[in-house]
Amino acid sequence: MDGDGRTAPCDDGALLTIGAFARASRLSPKALRLYDELGLLPPAHVDPHSGYRHYAPAQLERARLVAWLRRLGMPLARIREVCELAPDAAALAVAAYWAQVEADTAARRDLAAFLVDQLERKNTAMTTPHTPLTMRCAALTDQGLVRPAHQDAAHAGPRLLAVADGYGPDGGRAAKAAIEALKGLEDQDLTSADLLGALEEAAHRAHRAPRAHRAGGDHRAAPAAEGTTGCTLTALLRSGTQLALLHVGDSRAYVLRDSGLLQITHDHSLVQSLIDEGRLTPEEAASHPQRAQLLRSLDGATEFAPDLQLLEARPGERYLLCTDGLTGVVPAETIQQVLTADDGPDQAVRELIRLAREAGAPDNVACVVAEMTGA
């Protein structure tokens, strides 16, 4: 025994104190207590009187694996899964995790380049006259080959681009109402300072519409059913070279620049949150049974919490807004090839719809393509 009464590490079969085990495993006592609470690395024995934790030497291999995986940055929930696997399966899981880390790093690198470019544009915009822009655009929707109803909507106008994906028994009307709520912005002479506020207020009206409809109807929906109808909304509103972006849900916006195709929205979905936490890979998310579950939408029942940002557009750029009926079946590389082609926006949206149908089109599809050109 140690002087404090804890079991000392004598021979190979003896239990180790938490301090000795921490030194041997390169994990701190604080980390070991946390892993015990999470059920990741429980001690072999806990003294019922003192509460001292003791570990078996055989636990060192698992502890060192935990330490290594934490150094990789793997989330604890993912580590727990890996530790329960046989060695061959664990090796495959670690390789898959690291491949995802590298993919995420590449995506973040692209996003960092995009942000650097945006900030530099804002700086040069103060001293350099803007190049006048015109916007060529086109919108197209398709019911797809499986869904019994068409609940997607899209709009492409001189100043406004938007897509909405409805869900629930009245989702088609919700999506169309969201687009209609924004169309009035086409006729407003907005400055760049007004863009985000005007776009947000119009979307907020669309968010409140389902609740107002339920309240004014002949029946009242039960509280648990209030969120059964709603829609996503992704929109761009232009004034000169400024683009205001508003996003709610899992429809998407992309920009094609010299550096390639970049997704400039972040999905508000359950599976995306699990990807962000390291609990799913994008490949696993594609077949997840809850992949359609949204964390944010326009439904009149939940908090209105859109993502908003202001972008600086340049000649030659192309923007794509689309619902998940496109991105769920057509790879990003193929989408980039379509947008890189010399075909105009009208041909591009037709080709994207064709590709979605060729891939089976299990969902409704809506897409908008816009090209910025010098006036």
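**Figure 1. Asn 364 sits in the loop between helix H12 (345-358) and S14.** The model shown here and in the other views is predicted. Is Asn 364 buried or exposed? Its relative accessibility is 2%, so Asn 364 counts as buried, the cut-off being under 20%. Leave out residues up to four places away in sequence, and Asn 364 still touches Asp 142, Gln 143, Arg 147, Ala 149, His 150, Gln 151, Asp 152, Thr 323 and Gly 325. Leu 326 lies 38 residues from Asn 364 along the chain. The C-alpha atoms of Asn 364 and Leu 326 are separated by 8.3 Å.

**Figure 2. Strand S14 (residues 365-374) pairs with S4 and with S13.** How many bridges join S4 to S14? There are ten, and the two strands run antiparallel. Two of the pairs can be picked out by name. Asp 142 has Val 365 of S14 as its bridge partner. Thr 134 has Thr 373 of S14 as its bridge partner. S13 and S14 are also antiparallel, with five bridges between them. Look for two cysteines here: Cys 322 stands opposite Cys 367 in S14. Eight of the ten residues of S14 are buried, so the rest of the structure largely encloses this strand. In general, strands of a sheet pair through backbone hydrogen bonds, either parallel or antiparallel.

**Figure 3. Five strands form an open sheet in the order S4-S14-S13-S10-S11.** The pairing in this sheet is antiparallel. Which strands lie at the edges? They are strand S4 (133-142) and strand S11 (260-263), and each pairs on one side only. Neighbouring strands of the sheet are turned against each other by 20 degrees on average, direction ignored. Helix H11 (residues 332-340) packs on the sheet. H11 touches strand S10 (252-257), S11, strand S13 (318-322) and S14. The direction of H11 makes about 120 degrees with that of S11.

**Figure 4. Strand S8 (residues 233-239) is mostly covered.** How many of its seven residues are buried? The count is seven of seven. In a regular strand the side chains alternate between the two faces of the sheet. Here both faces of S8 are covered. On one side are Leu 233, Ala 235, Leu 237 and Ser 239, all buried.

**Figure 5. S8 pairs with strand S6 (residues 160-167) and with strand S9 (residues 242-248).** Four bridges join S6 to S8, and these strands run antiparallel. Val 163 stands opposite Thr 234 in S8. Seven bridges join S8 to S9, again antiparallel. Which residue of S9 is the bridge partner of Leu 233? It is Val 248. S8 and S9 form a hairpin with two residues between the strands. In this hairpin, Gly 240 takes a positive phi near 65 degrees.

**Figure 6. Ser 251 lies in the loop between S9 and S10.** Its relative accessible area is 0%, so Ser 251 is buried. Which residues does Ser 251 contact, leaving aside its neighbours within four places in sequence? They are Val 163, Asp 165, Thr 232, Thr 234, Thr 265, Asp 267, Cys 322 and Thr 323. Ser 251 and Val 163 are 88 residues apart in sequence. In space they are 7.5 Å apart, C-alpha to C-alpha.

**Figure 7. Helix H3 (residues 60-72) and helix H4 (residues 76-83) have axes that come within 10 Å.** Two packed helices are described by the angle between their axes and the distance between the axes. The axes of H3 and H4 cross at roughly 140 degrees. H3 and H4 are therefore oblique to each other. H3 passes H4 in a right-handed crossing. Which residues make the contact? From H3 come Arg 62, Leu 65, Val 66, Leu 69 and Arg 70. From H4 come Leu 76, Ile 79, Val 82 and Cys 83. By class, this contact has seven nonpolar, no polar and two charged residues.

**Figure 8. The whole protein has twelve helices and 14 strands.** Of its 375 residues, 44% count as buried. Take the contacts between residues at least 6 apart in sequence: 66% of them join residues at least 24 apart.

Definitions and conventions:
Residues numbered from 1 in each chain as written. Predicted model: local features only at pLDDT ≥ 70, side-chain atom pairs only at ≥ 80, totals over all residues. Heavy atoms only, no water. Buried < 20%, exposed > 50% of the residue type's maximum accessible area, 1.4 Å probe, protein only. Pairing = 2+ DSSP bridges. Axes fitted to C-alpha atoms, helices over the stretch in contact; angles between N-to-C directions. Parallel < 35°, antiparallel > 145°, perpendicular 65-115°, else oblique. Left-handed = near helix turned anticlockwise from the far one by under 90°. Contact = heavy atoms within 4.5 Å. Nonpolar A, V, L, I, M, F, W, Y, C, P; charged D, E, K, R; others polar.
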